[in-house]
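Visitor: I am new to this structure. Please show it to me, and then let me ask about it.

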Amino acid sequence: MAIVGAVVAAVVTPLGDHLVKGFLDDPTCPGEACEGKNPQNQGCGEDARTYKPAVGNPALLQLRYSEDCQAVWARVQRGSPGDLVTAEATGGAKRTAQIEYGNDQFTSMVSVDDGEFQVTACAVPKAGGESTYERYCIHATEATAWW
């Protein structure tokens with residue numbers, strides 16, 4: 001009985017914590033306060049929507065947008081160590097992250113206006129690196145089909 005109780009507690013506790021956090025916690029940094037911060041650490045992934053072209057996307061590049069945090073960030077899912085991923089808001093900041101190991105990496109956040117915005121994300125392969133794609137960029141606005 002003690003073993004069953006321990007297993008149930010180990011499964012239920014993280015799930016319960018996640019559900020409580022999702023219902024009670026607001027993002028810790030809406031708007032300008034999110035600038036340059038890690039979206040995972042700030043709770044911005046909870047409501048984030050994604051734009052990722054399904055065709056012609058050699059690096060599996062995506063833009064993530066959190067309306068609650070009023071911020072975007074970029075993620076590359078098919079890169080190589082040394083490759084860069086960037087996120088930039090028109091008229092705003094630009095954030096860059098480098099793949100250290102593995103094949104994926106995301107940038108820190110770029111704040112966007114609550115309303116109209118334009119953002120660009122790029123995957124930039126390391127010169128002489130393992131990636132076979134060329135620099136690849138995607139563009140999005142608040143009206144993009146985020147999912």
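Guide: A disulfide here is a pair of cysteine sulfur atoms within 2.5 Å. The model is predicted, so local features need pLDDT of at least 70 and side-chain atom pairs count only at pLDDT 80 or more, while totals for chains, interfaces and linings use all residues. Residues are numbered from 1 along each chain as its sequence is written, and side-chain values use heavy atoms, with hydrogens and water left out.

Visitor: Is the disulfide of Cys122 and Cys137 right-handed or left-handed?

Guide: The sulfur atoms of Cys122 and Cys137 are 2.0 Å apart. The torsion about their S-S bond is about 105 degrees, so the disulfide is right-handed.

Visitor: How many residues apart in sequence are the parts that Cys122 and Cys137 tie together?

Guide: Helices (H or I, at least four residues) and strands (E, at least two) are DSSP runs, numbered from the N terminus. Cys122 lies in strand E8 and Cys137 in strand E9. The pair therefore ties together parts whose separation in sequence is 15 residues.

Visitor: Is Cys137 buried or partly exposed?

Guide: Buried means under 20% relative accessible area, exposed means over 50%, and partly exposed is in between (1.4 Å probe, protein chains only). Cys122 has 4% relative accessibility and counts as buried. Cys137 has a relative accessible area of 28%, so it is partly exposed.

Visitor: Which residue in E9 is the bridge partner of Val119?

Guide: Two strands pair if DSSP finds at least two bridges between them. Strand E8 (residues 118-124) and E9 are joined by six bridges and run antiparallel. In E9, the partner of Val119 is Ala140.

Visitor: Which strands stand at the edges of the open sheet?

Guide: The sheet has four strands in the order E5-E4-E8-E9, with antiparallel pairing. An edge strand has a single partner, so one of its sides is left without a neighbour in the sheet. Those strands are E5 (94-98) and E9 (136-141).

Visitor: What is the pattern of the disulfides along the chain?

Guide: The disulfide count comes to three. One joins Cys29 to Cys34, another Cys44 to Cys69, and another Cys122 to Cys137. With bonded cysteines counted along the chain, the pattern is 1-2, 3-4, 5-6.

Visitor: Is the link of Cys29 and Cys34 right-handed or left-handed?

Guide: The S to S distance between Cys29 and Cys34 is 2.1 Å. Both Cys29 and Cys34 are buried. At 95 degrees about the S-S bond, their link is right-handed.

Visitor: How many residues apart in sequence are the parts tied together by Cys44 and Cys69?

Guide: The link of Cys44 and Cys69 is left-handed, with -95 degrees about the S-S bond. Cys44 lies in the loop between helix H1 (2-24) and strand E1 (49-51), and Cys69 in the loop between E2 and E3. So the separation in sequence of the parts they tie together is 25 residues.

Visitor: What is the relative accessible area of Cys69?

Guide: Cys44 is buried, with a relative accessible area of 0%. Cys69 is buried too, and its relative accessible area is 0%.

Visitor: How many of the six residues of E2 are buried?

Guide: Both faces of E2 are covered. Leu61, Leu63 and Tyr65 are buried on one side, and Gln62, Arg64 and Ser66 on the other. E2 is largely enclosed by the rest of the structure because its buried residues number six of the six.

Visitor: Which residue in the turn between E2 and E3 has a positive phi?

Guide: Six bridges join E2 to E3, and the two run antiparallel. Leu61 stands opposite Val76 in E3. The two strands form a hairpin with four residues between them, and the turn residue with a positive phi, about 50 degrees, is Gln70.

Visitor: How far apart in space are Gly45 and Arg64, C-alpha to C-alpha?

Guide: Gly45 sits in the loop between H1 and E1. Gly45 counts as partly exposed, at 37% relative accessibility. In sequence, Gly45 and Arg64 are 19 residues apart; in space, C-alpha to C-alpha, they are 8.4 Å apart.
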